[in-house]
Every structure is written in C-alpha cells, then in structure tokens.
Amino acid sequence: MAGKTTTPDLTITNDFTPVTYDEQYILMVNALKKYFPIKGGLVSKTVGYVKAVDGVTFNLKRGTTMGLVGESGCGKTTTGRTILRLSGEKTGGQVLFNGQEVYDISPKEMRSLRTKMQIIFQDPFSSLSPRLPVGEIIGEAVREHNLVPKHEFNDYIDQVMDNCGLQPFHKDRYPHEFSGGQRQRICIARALALNPEFVVCDEPVSALDVSIQAQIINLLKELQEKYKLTYLFISHDLSVVEHISDSVGVMYLGNLVEYGETRDIFKNPLHPYTKALFSAIPVPDPTVRMNRIVLEGSIPSPANPPSGCKFHTRCANCMERCKHEAPVQREVEPGHYVVCHLYDQ
Amino acid sequence: MAKKQDNGYLSAKESRRISKENRRITNQYEKARKRKNVPESEYLTQMKDPANAVEFENLHTYFFTDAGTVKSVDGVSFEVPIGKTVGVVGESGCGKSVTSLSLMQLLQRPQGQIVEGAIRLNLGDKAYDITKTPNSVMQTLRGNYISMIFQEPMTALNPVFRIGDQVDEVIELHDGAGKTKQDIKARTIELLEMVGIANSEGVYSMFPHELSGGMRQRVMIAMALACNPRIIIADEPTTALDVTIQAQVLDLLRNLKNRINSSIMFITHDLGVIAEMADYVVVMYAGRVIEKGTAEEIFAHPAHPYTIGLMASKPVVGKEVDKLYSIPGKVPNPINMPNYCYFKDRCEMCVEGCAGAYPEEISLSPTHKVSCYRYYDKQEGGDK
C-alpha cells in the first residue's frame, strides 16, 4: 500500500503460559494464534503471514453466550473456526474444550468430539446443499455418528425439526423451496441434531430481515435454555450481541482488545476502539444526536500489521509508547479485561 | 388471476398462455417508449408543490412474469422535498428498490413496466413526468438530475476498468461538453478527494479489487455526485459495511448533501440509520406505503401495527428486553394478494373494519398519514 517493500518477519513466536483446566469453563482459549502463509515467487516460498488470529485469550462459562464483535476482516470467523479445528492446524496457543486440548487428539477422537461442538454458518443460502432434501441435511450427521437407533431415526428428526420451528412435511423439500429465515432454522436444526454442548454461531442473523432476525434470536435463546447450550456468537451487529450475550469480546486485527461481562462492556467501554465502535451504532431515535467518534481510515492489512499496539494508527489516545510496545491483557475490573497502555498502572 | 392446479404448480399450457398475454401487454409499453422525436409537451408536467424535488403519485410498477403478474409497487404516493432526506423502510421484497428503479427508469424490461401513475421530477424551470419520458431524454436526466448509489459496492463497479476511467466516463457522458481529458481527470480527482479518499491520485489508477468495501462505496458516491444531481437515490448504501465505516459514509453523505443542496431518497431496512439520516420516513409493506410522516412522528408515535412491530423487533443498545417481539406469519404471496388489508393476517391489533377493502390513507396530522382501520375515527378534520 505504502509503496515500500520491507522483508516481513517470518519467525513465529509461540511463548505463552499454559493454563490449567477450571471446571466451570467449557472452553478455555489461551494465546490462540492462526497465521495463513502468503506464497510467492517461483517455488511458492512462504514470503509472509496473514496474522488472522494473533493471540486471543478468553474463557467461556458453561451455559452462557459470548459475543464476539469487530469489523470485517478482524479475525472473528477465523477464531471460531480455529476453535473448532476447522481450518487446519493452529499456529500457537491452546484450545481447551472440557479440559481437553482440541489439537492434541487423534482423528478418531476428534470425530466423536465433533458431535459436541457445532457451527451455524453465516449465509443460509450457500451453506445448505441444494441437492439434498432437508430431512437428509439434518439427519446425515446423526446417522453417520450412530446417535439414535435406526427405528427411532425418523421420529428423532421430526422432533429436532419441531424444536426449531419446522414442520414434519418440510422433510422431503429442498432448500431452494424455503425462505431465508426458514433456511437458517434448517441450519440450526442441523447443528442441534447432534446434541452438542457448544455451538459457534457465525453471524447467524446478518443475512436476514429485521422481523425474521427477531424470530431466529428468540429461537436460539429458547434452545439455549432447553438444552443448556453454550454459544460463541459472532456478529458485527452490536445491538444483537448486547441482547443475546452474557459476555462480549471485541476484536481488532486479530487481537481481542477488550472482553468482559456484557453489562460492563456496554456501560463502561475502556479501550479506545470499543468506545469508537459503540459510538458508531445508529440509535433508532431521531431526537438523539450522538457524539460520534469517527475512526479515520480503515483497518490495516493483517499481513503487515502496525508495530506496537495494532490500533495506534487510528487511536485518538495514541502515546509514543504505543508505537513500539505491544500492550498485554490486564484485568481492570473483576472479569473485565482490556489490552491497552492507557490502563497500565 | 392464474389458475392453479391442485399441487400448487402451473401447468405448461397455462404458463404459455400467461407468457403470450404478457408479451402482448409489454410490447405495447415498449413500443410507446421507443418512439422517436416525441414532442416535449407530452411529458411536460406541473409540480403540485414547487418545493418538492420529486413527487410519486399513485405509482404502479408491475412485473409480468410467467407465473403471473407481480404487483411490486401498487399505488405508492409520496414526495421528496428539495434539500431534505426521505427514508424508505421495509423488509426485502416490499418494493423499496423497485420504487427507486422506477424513478431511474432502470427496471428490468420488458417484464417490468410502470402501468399507472406519475413520477414528477422538478428540473427547476420545468417538470418532467418520468413515466412518459422517452429513453433518449432519460439519458440526459440520469446522472445530471438523478443518480443512484447502489447497494453492493463489490458488484456495482466494473472489475476490469480502473477507478479513474469509471468516474471519468460518467463525467464525460453527462457533463463532458467542451472539456479536455485533463479537465475531466482533474474533476475526478477533486471528486475522490471530496468523498474523503486521501490518496486520490493513487486510487485513480487502481482497480476496484485493490480497495476495501468502504473505499469502494466512496467511489460509488463520487460517481453519483459527479454531476451535482438534484436527487441522490441511496439504495442500502451501508448495508454491506461495518458500523465504523457506516458512520463514516453516513457523515459523508450528510455533509455532501448540504454542500450541493440536493435531496436524498434513502432506502434501507435499518431503522437506526433512518432515524439518523432522514427528515421524512416512508414505511412500505408489500408494495404499498402503509405509513409516512416526519422522522419524529414515526419514531415517537408509530401508528401502523407493522411499524410498531418492526420497531419492537429490533434490539436496541442500552434497552433490556427478555424476549424480542417478532411479527407472526409472513408476507403474502405477491402474485396473489388478498383484497383486504395486506397486513391483516399478521396483525395482532385487528378491529372489525379490517375484513373490508384495503384501508384508505388517514391523516393523523398534516404530515403523518397511515393506512389502517384503527384510525378511521381519529382522523384530523375528517375530510376523507
């Protein structure tokens, strides 16, 4: 972009203090890193890395929802996929699911673990196979994992569909016969048919209309109460995240810059980026004129992120120190973590 | 209406009949549109109120498809005053975009046709009726008087031409008389700077894929503003963007509108954006305007059950609710609309009158109008 070519640093540092398993957390993510190599030259040599996830640390309590917000390209989706071991090997860090390191287990064990962790994808128009009837889409994995005896299979699928607001006669139809909201219900049914404990919801409502959004959000909340599910809710719609989550993490360029209880984060945002992000939410009330912090420029390239604090190029409170020294995660209030030099004692 | 077989599918014979009938109808419209040397008097008209930039009156835009006629816009009337922003809200498929495309004459033809009504465009000293304006004249109106910012900045720019060439083309076609290549390039760079692109010389020679979503949307806005149009139609300009970029783009649009004193017709389904941008709000449902008024009226006293439901179903930051309200049911099939109020089947506030014909527009105040039986006894003045 700037016109000058610098040789990027190809070394990958992977130093972190391992965490010990704590019973109350279903998922513990510690200094998780995921880099994608950039290949170049004649022999496809690795010439750099896109640092999609660059040191993300958080814990997720059983039966709660954590919202993950941030601009597009900040690594929200990659975080979700890396936790589920869906995008190859991780680059560094730990992912403990029920105390078990997800990346250390054999493919066979991984297979049975897959039923415990599921994902709902963003776009219900491209994540459903157009050639399979709905009953088959929902039931395929159930049959594959032998979760229910053969003679109960049909009843089981009917029941799952009923839970997600689908009619039994929908079973023989194909995805193109459904509207966006109903397709998203099919995606939810597909994930829940395996009786998971943990579901990554990757922008499940972004592609839907406002009135349909409300239906899907209510459905997700109902199902959470019924089956004691844990969600990682990825979204860029902050009002939806505030509504559904118990805790919120804010991501910027591969880093989790702030995370804590939803109430703390929304009442008292600490990181300059969080403040700017929240001030940008449009309020449906014409009498309110907000003091908006408009961020200059756009998100820098994750292949060549700024030195020091990654946000310093757009930060209003940038200090000299921010340009050289990367801040570390710090607990400012109980359960409220922020990564910023402003809060160093 | 099209006869249906028991299984819900049309027979091949029936489909052929509809298709033939459609061709007969659309050919008539196309013939009228393609005439050459149409005298100006035919499409010259008078604005109802000279303070309006555009007036839609009883606009009907139909799509003649092989499965039947889709009444996408079915009797829409509203005004866009000069220098104001009018927000059009509604769910997908409610006819928001088709209304704006009718104004631009960019409907998918020959299937899509304006069958009735008038769109009056104020050109300052005279006014044109867009529905009767022939293609050749439309060319001079588009870009110069009305221009459009499209929804998807990713697909609206041509990937094989450089940004500079694409903006240059707009200026050359619409405003290029007597200008040299250098003049046009200078104007393009000026425009790119105006929309807040810092590295304007560099962006001039870039391809669309080298820019981020927000930057592409800025380029789209620069193209739309190239000839200082009187009306800017912004069709969901921020839907594909992040909140921080959305805030930048909204700020930009607001400032630019004031600078060139034009009107904006802002189409979106995000009520928050509407509240921020719009002076007037038009709420559409299934091809009809169900409620319109100033932004304060609509947000403080929403009258139509659909508007109320729409507002309740959106989570608001800082407001805690246990369960979001969701409007039951779904939008009626556009090919086979009921003959009573289109919202009746989903409405939880029905009154006795609802079984009757589609409700007329009731004035709650000089600017606030609603189509709902609940307000028949409350209307102001009682002139209707």
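Which residues does A:D285 touch, not counting residues up to four places away in sequence? In this predicted model, A:D285 touches B:A275 and B:F299. The legends below begin with that residue.

**Figure 1. Close-up of A:D285, a loop residue of chain A that touches chain B.** A:D285 lies in the loop that joins α9 to β11 (330-333) of chain A. The residue counts as partly exposed because 17 C-beta neighbours fall inside 10 Å, and burial would require 20 or more. Beyond the sequence neighbours up to four places away, its contacts are B:A275 and B:F299. A:T91, 194 residues apart from A:D285 in sequence, is 45 Å apart from A:D285 in space, C-alpha to C-alpha.

**Figure 2. The contact between chain A and chain B.** Chain A contributes 31 residues to this contact and chain B contributes 38 residues. On the side of chain A that touches chain B, the elements giving two or more residues are α6 (210-227), α7 (238-244) and α9 (272-279) of chain A. The largest share of that side comes from α6(A), with 6 residues. By class, the side of chain A that touches chain B consists of 16 nonpolar, 10 polar and 5 charged residues.

**Figure 3. Close-up of B:T244, a buried residue in contact with chain A.** B:T244 is placed in helix α9 (residues 243-260) of chain B. The residue is classed as buried because 24 other C-beta atoms lie within 10 Å. With neighbours within four places in sequence left aside, B:T244 is in contact with A:E71, A:A276, A:L277, A:A280 and A:L295. B:G143 stands 101 residues apart from B:T244 along the chain, and the C-alpha atoms of the two are separated by 29 Å.

**Figure 4. Packing of α3(A) against α4(A).** Two packed helices are described by the angle between their axes and the distance between the axes. Here helix α3 (residues 134-144) and helix α4 (residues 153-163) of chain A have axes that come within 10 Å and cross at roughly 120°. That angle makes α3(A) oblique to α4(A), and the crossing is right-handed. From α3(A), the residues A:G135, A:I138, A:G139, A:V142 and A:R143 meet A:F153, A:Y156, A:I157, A:V160 and A:M161 of α4(A). The contact of the two helices has 7 nonpolar, 2 polar and 1 charged residues.

**Figure 5. Packing of α3(A) against α5(A).** The axes of α3(A) and helix α5 (residues 180-192) of chain A are 8 Å apart, at an angle of about 25°. The two helices are therefore roughly parallel to each other, and α3(A) passes α5(A) in a right-handed crossing. A:V134, A:I137 and A:I138 of α3(A) meet A:I186, A:A189 and A:R190 of α5(A). Sorted by class, this contact has 5 nonpolar, no polar and 1 charged residues.

**Figure 6. Close-up of A:A189 in the largest nonpolar core.** In soluble globular proteins, nonpolar side chains tend to be buried together. The largest nonpolar core of this model holds 182 residues, and A:A189 and B:A222 touch the most other members. Helix α8 (residues 213-225) of chain B gives the most to this core, with 8 residues. Apart from its neighbours within four places in sequence, A:A189 is in contact with A:I138, A:V160, A:M161, A:C164 and A:L166. Among these partners, A:I138 is one of the α3(A) residues that meet α5(A), while A:V160 and A:M161 are among the α4(A) residues that meet α3(A).

Conventions: Residues numbered from 1 in each chain as written. Chains lettered and ligands numbered in written order. Predicted model: local features only at pLDDT ≥ 70, side-chain atom pairs only at ≥ 80, totals over all residues. Contact = placed C-beta atoms within 7 Å. Helix = DSSP H or I, 4+ residues; strand = E, 2+ residues; numbered from the N terminus. Nonpolar A, V, L, I, M, F, W, Y, C, P; charged D, E, K, R; others polar. Axes fitted to C-alpha atoms, helices over the stretch in contact; angles between N-to-C directions. Parallel < 35°, antiparallel > 145°, perpendicular 65-115°, else oblique. Left-handed = near helix turned anticlockwise from the far one by under 90°. Core = buried A, V, L, I, M, F, W, Y, C linked by C-beta atoms within 7 Å. Buried ≥ 20, exposed ≤ 12 C-beta atoms within 10 Å, placed from the backbone.
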